[in-house]
Amino acid sequence: MKKGLIFMLALALTACSSSVENKTYYQLPLAQSGAQSATSQGNRLLWVEQVSIPDFLAGNGVAYQTSDVQYTIANNNLWASPLDQQLRTTLVANLSSQLPGWVVASQPLGSSQDTLNVSVTGFHGRYDGRVIVSGEWLLNHQGQLIKRPFYIELKQNKDGYDEMVKVLGQAWSQEASAIARAVNQLP
């Protein structure tokens with residue numbers, strides 16, 4: 001009986017220790033160029049009001065598309081902070097570096113500001129080694145509304161979540177550049 005009890009205790013401890021899995025946390029990379037100064041006179045103002053994401057992206061786990069109709073959410077590969085916050089922070093940083101003469105912020109800047117809202121519908125890896133970043137953005141420029149859809153598909157050069165997150169960051173940066181080009185064409 002004593003041997004049986006020791007065996008059961010050892011088995012229980014082994015089961016507990018094997019169920020502990022390593023979790024990895026990911027943060028989107030930020031733009032490497034310097035931020036624009038907000039001190040000069042006559043700056044144009046852009047408030048990135050919101051970056052919204054669907055429910056399947058709103059959890060902690062990194063999303064991965066396993067077939068044309070199925071998605072899985074990782075249990076051990078997690079976002080270090082909420083994805084919508086990361087998308088907004090990196091968008092503000094990227095736009096700030098690409099829009100000289102503009103003050104870009106995630107907080108309201110005043111009554112004469114332009115506002116940008118982005119709805120992200122896809123931000124995930126896919127079974128064929130590609131990443132998808134899709135959605136639409138809406139810019140309110142002095143009462144004029146400009147709405148544009150986006151769909152970016154990039155190939156991963158290596159396997160794994162590290163590479164997937166880096167390529168997702170590249171795709172998001174590409175969309176920030178497209179938004180900056182549209183903003184730069186404003187009167």
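**From labels to values**

Modeller: Start with strand β5. W102 and V104 point one way from β5, V103 and A105 point the other way, and all are buried. Keep in mind that this is a predicted model.

Colleague: How do you know that β2 and β5 pair?

Modeller: Pairing takes at least two bridges between two strands. Four bridges join β2, residues 44-52, to β5, residues 102-105. Therefore the two strands count as paired. They run parallel.

Colleague: Which residues face each other there? Take R44 and W47.

Modeller: R44 stands opposite W102 in β5. The bridge partner of W47 in β5 is A105.

Colleague: What makes β2 and β6 a pair?

Modeller: β2 and β6, residues 114-126, share six bridges in the parallel sense. The cut-off is at least two, so they pair. In β6, W47 stands opposite T115. W47 therefore has a partner in β5 and a residue opposite in β6.

Colleague: What share of the contacts with a separation of 6 or more comes from residues 24 or more positions apart?

Modeller: They account for 67% of those contacts.

Colleague: Now to single residues. Why is H124 called buried?

Modeller: Buried means under 20% relative accessible area. H124 has 4%, so H124 is buried. H124 lies in strand β6. H124 touches F56, A63, Y64, Q65, Y71, R130, V131, I132 and L168, leaving aside residues up to four places away in sequence.

Colleague: What makes the link between H124 and Q65 a polar contact?

Modeller: The pair of N or O atoms must lie within 3.5 Å. The side chains of H124 and Q65 make their contact at 3.1 Å.

Colleague: Why is N77 called buried?

Modeller: The relative accessible area of N77 is 15%. The cut-off is under 20%, so N77 is buried. N77 is found in strand β4, residues 71-79.

Colleague: What does N77 touch?

Modeller: Beyond four places in sequence, N77 touches T24, Y26, N60, G61, V62 and Y161. With Y26 there is a polar contact, side chain to side chain, at 3.4 Å. V62 is 15 residues from N77 along the chain, yet their C-alpha atoms are separated by 6.0 Å.

Colleague: Is D162 buried, exposed or partly exposed, and what makes you say that?

Modeller: Partly exposed means between the two limits, 20% and 50%. D162 has a relative accessible area of 46%, so D162 is partly exposed. D162 lies in helix α4. D162 and Q27 are 135 residues apart in sequence, but 9.9 Å apart in space, C-alpha to C-alpha.

Colleague: And why is Q142 called exposed?

Modeller: Exposed means over 50%. Q142 has 68% relative accessibility, so Q142 is exposed. Q142 is found in the loop between β7, residues 130-141, and β8.

Colleague: One more residue. Why is Q156 called buried?

Modeller: Q156 has a relative accessible area of 10%, which is under 20%, so Q156 is buried. Q156 is found in the loop between β8 and α4. The side chain of Q156 reaches the backbone oxygen of K158 at 2.9 Å. Not counting residues up to four places away, Q156 touches G129, R130, V131, E163, M164 and V167.

Colleague: Which residues line the largest pocket?

Modeller: Q156 is one of them. The volume of the largest pocket is about 180 Å³.

Methods:
Residues are numbered from 1 along each chain as its sequence is written. This is a predicted model: local features need pLDDT of at least 70, side-chain atom pairs count only at pLDDT 80 or more; totals for chains, interfaces and linings use all residues. Side-chain values use heavy atoms; hydrogens and water are left out. Buried means under 20% relative accessible area, exposed over 50%, partly exposed in between (1.4 Å probe, protein chains only). A polar contact is a pair of N or O atoms within 3.5 Å; within protein, one must be able to donate a hydrogen and the other to accept it, and residues adjacent in sequence count only if both atoms are side-chain atoms. Contact means heavy atoms within 4.5 Å. On a 1 Å grid over the protein atoms alone, a cavity is a set of points where a 1.4 Å probe fits but cannot get out, and a pocket is an open set with protein on both sides within 12 Å along at least five of seven lines; lining residues have an atom within 4 Å of a point. Grid points are joined across faces, edges and corners, and a volume is the space filled by probe spheres set on the points.
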